[in-house]
Amino acid sequence: MKELTINWHITEACNFKCTYCFAHWENKPCKREILHSSDDICMLLNELEKLPYLFPDKFDTIRLNLVGGETFLYRSAILNIIEEAKKRKFRLSAITNGSKLDPELNKIIADNFSIIGFSVDSISDTTNLAIGRKEKNVAIQIDELVKHIYEIRKYKPSIKLKINTVVNKLNHFEDLNSFIQETKPNKWKIFKMLPILPSSDPLKITDEQFHMFLERHQKHLDIISHENNDEMTETYLMIDPNGRFFQNGKNQEKYTYSLEIHKVGIETAFSQIRFDIDKFKQRYKK
Ligand code: SF4
């Protein structure tokens, strides 16, 4: 099955404040994010349903990857999105920081998602506090997060688990081997931090520091996928909380945007971004 993956950042809001968080969008055409409007959600998903037809014979199905901000911050909105996506037979996946999960959401994830990803940059409270992975000055509880992973797997052993880690100046020396051994993800995506915002510039690392992080974890080579900045440009289909395609092209510090997909239609919006289909297919083959 050839799957077209669309990353929809459903909200900018997050209970954490990571220094290098790239979930910030500018020139918003509307104050209200579309996840709060059932009509806008339906119109957006109706347009996305047509996307595979723009690539004849290349894709047969869509996977809607829900990301944030924190994806599970607004419970009723995410439940609505799941329901509408299922009506259109989209496969679903999500990335979460894990802090808002509970038994009810774990069951919903197990019942509806084929992949669940957790963003985990560190297992140290001190580092998580320094990064900003904290709420009311309490760092993300990694033990709790591991319990959620176990519970989701208990409900659905076949679910694919993904861990995303952003390597930066605050965690590049860490050893996450024990966490990976305990959670046994199917995939561990390791990113070198993209210094998109001026605030993240002091947390930049060198290629050598990034490679040392990878080497320290090479016993997990079979599940690791890592991407450098070049591989990350023009190869993601990304939608912002206002329903616009956005991307960060080569040598561009700021995102560029299409018009709102649910207002101008998929063809017009898609023609307003650059998209490298060969690199895209390459990365999902990895
Ligand atoms: S947890 Fe993710 S979305 Fe939230 S602030 Fe951190 S990087 Fe941004």
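A crossing of two helices is called left-handed if the near helix is turned anticlockwise from the far one by less than a right angle, and right-handed if clockwise. Helices (H or I, at least four residues) and strands (E, at least two) are DSSP runs, numbered from the N terminus.

The model described here is predicted: local features need pLDDT of at least 70, side-chain atom pairs count only at pLDDT 80 or more, and totals for chains, interfaces and linings use all residues. Residues are numbered from 1 along each chain as its sequence is written, and side-chain values use heavy atoms, with hydrogens and water left out.

**Overall form**

The protein has 11 helices and 12 strands. Its C-alpha trace spans about 45 × 45 × 40 Å along the principal axes. For 286 residues, a compact globule would have a radius of gyration near 19 Å, and the 18 Å of the protein agrees with this. That radius is taken over C-alpha atoms, and the globule rule is 2.2 Å times the number of residues to the power 0.38.

**Helix pairs**

Axes are lines fitted to C-alpha atoms, for helices over the stretch in contact, and angles run from 0 to 180 degrees between N-to-C directions.

| Pair | Axes come within | Crossing angle |
|---|---|---|
| H1 (residues 38-48) and H2 | 10 Å | roughly 35° |
| H2 (residues 75-87) and H3 (residues 103-112) | 12 Å | roughly 15° |

H1 passes H2 in a right-handed crossing. Ser 38, Ile 41, Cys 42 and Leu 45 of H1 make the contact (heavy atoms within 4.5 Å) with Asn 80, Ile 81, Glu 84 and Ala 85 of H2. By class, five of these residues are nonpolar, two polar and one charged. Ala, Val, Leu, Ile, Met, Phe, Trp, Tyr, Cys and Pro count as nonpolar, Asp, Glu, Lys and Arg as charged, and the others, Gly among them, as polar.

H2 and H3 are roughly parallel to each other, a term for angles under 35 degrees. Their crossing is left-handed. On the H2 side, Arg 75, Leu 79, Ile 82 and Lys 86 meet Glu 104, Leu 105, Ile 108 and Asn 112 of H3. The residues of this contact divide into four nonpolar, one polar and three charged.

Glu 3 lies in strand E1 (residues 3-9). Apart from its neighbours within four places in sequence, Glu 3 is in contact with Phe 59, Thr 61, Ile 62, Arg 63 and Arg 91.

Note on methods: Angles under 35 degrees count as roughly parallel, over 145 as roughly antiparallel, 65 to 115 as roughly perpendicular and the rest as oblique.
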